[in-house]
Amino acid sequence: GINEEQLNYYTAFTDVSVVPFYKELDQAFPNSKFIYTVRDRKEWLASCRQYPRFNKSVFNLPFKIIKLRQEVYGTVKFDKEKFIAAYEKHHEDVMNYFKDRPEDLLVINICKGQKWKPLCQFLNQPLPKAKFPFANARVNGYA
């Protein structure tokens, strides 16, 4: 479940750690907004396949990471078929969960060029003058 201590400390959660708990977060924080970043499945799989942390020995991983990966992907290490199944199941689950609440979910594909405009419109914020932050993790040695 959700770590109550973290809920009191943070105002936002991100990445794979949200996947198993987004419904709980929605219930705990009514009127919250959810931003669902998507990308091409083939590109995502290629990135996962190359991600060093998906190729480490399980003995070098903290138990919480092992547990999270088992819950989200059904495996600890990269497995193409299990990752595809997890990707599709999560996408379908999110779309079904928010189907009657489109005002609470922004689906955005930053890799395809969606940047400030849809994000700011969704959050009712003005467009910043700053360039949209992006770090290519593969180029920077993270993926």
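1. The side chain of N109 reaches the backbone nitrogen of C111 at 3.1 Å, a polar contact in the sense of a pair of N or O atoms within 3.5 Å, where within protein one atom must be able to donate a hydrogen and the other to accept it, and where residues adjacent in sequence count only if both atoms are side-chain atoms. N109 itself is found in the loop between β2 and α6 (116-123), with helices (H or I, at least four residues) and strands (E, at least two) taken as DSSP runs numbered from the N terminus.

2. N109 counts as buried because its relative accessibility is 13%; buried means under 20% relative accessible area, exposed over 50%, and partly exposed in between (1.4 Å probe, protein chains only). Once neighbours within four places in sequence are left aside, N109 is in contact (heavy atoms within 4.5 Å) with V38, R39, D40 and Q114.

3. A word on the basis of these values: this is a predicted model, in which local features need pLDDT of at least 70 and side-chain atom pairs count only at pLDDT 80 or more, whereas totals for chains, interfaces and linings use all residues. Residues are numbered from 1 along each chain as its sequence is written, and side-chain values use heavy atoms, with hydrogens and water left out.

4. The structure holds 5 salt bridges, a salt bridge being a side-chain nitrogen of Lys or Arg within 4 Å of a carboxyl oxygen of Asp or Glu. One of them joins the side chains of K23 and D93 at 3.1 Å, N to O, and this pair links distant parts of the chain, since K23 lies in helix α2 (residues 22-28) and D93 in helix α5 (residues 80-97), 70 residues apart. K23, at 35% relative accessibility, counts as partly exposed, as does D93 at 25%.

5. Which residue meets the side chain of D26 in a salt bridge? The partner is R101, at 2.7 Å, N to O; D26 lies in helix α2 and R101 in the loop between α5 and β2 (105-108), so the pair ties together parts that are 75 residues apart in sequence. D26 is buried, at 6% relative accessibility, while R101 is partly exposed, at 22%.

6. E88 forms a salt bridge with R41, with the closest N and O atoms 2.2 Å apart, and the pair connects distant parts of the chain, E88 in helix α5 and R41 in helix α3 (residues 41-50), 47 residues apart. E88 is partly exposed, with a relative accessible area of 41%, and R41 is partly exposed at 31%.
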